[in-house]
Amino acid sequence: HDGFPNRCRFDEIATRFRGLLPERFHRLGTRTFIQALMLAYGVPEADWALGTSRLFLKAGQLQALESMHAGGATPSAERLAEIVTRIVRRRWVCSGHAVRLC
């Protein structure tokens with residue numbers, strides 16, 4: 001991914017930032033957890049991308065996550081509920097596509 005100088009492995013990011021999201025997010029897959037983390041903290045989607053095993057971040061975004069972690073920032077309950085809805089909706093859409101392909 002060109003233009004994304006920070007490349008972090010999923011397991012490293014998940015381990016480091018696991019405490020930033022409530023317990024119910026911990027049971028998500030690593031990739032989904034990281035997507036939820038980025039959405040919860042309002043990191044613009046143009047500033048990050050998910051690969052197969054790495055999170056790609058534009059300059060300054062990793063430092064912004066670190067400062068949120070150090071500052072103990074927490075996302076609002078409404079934002080978290082919106083993210084859960086988005087994840088569930090995406091899973092339903094993907095399962096619908098899988099059924100149509102069979």
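Mentor: The largest nonpolar core has 28 residues, and those with the most contacts inside it are Ile13, Leu21, Phe25, Ile34, Met38, Trp48 and Leu55. Such a core is a set of buried Ala, Val, Leu, Ile, Met, Phe, Trp, Tyr and Cys residues joined through side-chain atoms within 4.5 Å, where buried means under 20% relative accessible area with a 1.4 Å probe, protein chains only. Two or more residues each come from helix 1 (10-17), helix 2 (30-40), strand 2 (48-50), strand 3 (54-57), helix 3 (61-71) and helix 4 (77-101). Helix 2 gives the largest share, seven residues. Helices (H or I, at least four residues) and strands (E, at least two) are DSSP runs, numbered from the N terminus.

The model is predicted: local features need pLDDT of at least 70 and side-chain atom pairs count only at pLDDT 80 or more, while totals for chains, interfaces and linings use all residues. Residues are numbered from 1 along each chain as its sequence is written, and side-chain values use heavy atoms, with hydrogens and water left out.

Leaving aside residues up to four places away in sequence, Phe25 touches Phe33, Ala36, Leu80, Ile83 and Val84; contact means heavy atoms within 4.5 Å.

Of its 102 residues, 36% count as buried. Among contacts with a separation of 6 or more, 63% are between residues 24 or more positions apart.

Conventions
Buried < 20%, exposed > 50% of the residue type's maximum accessible area, 1.4 Å probe, protein only.
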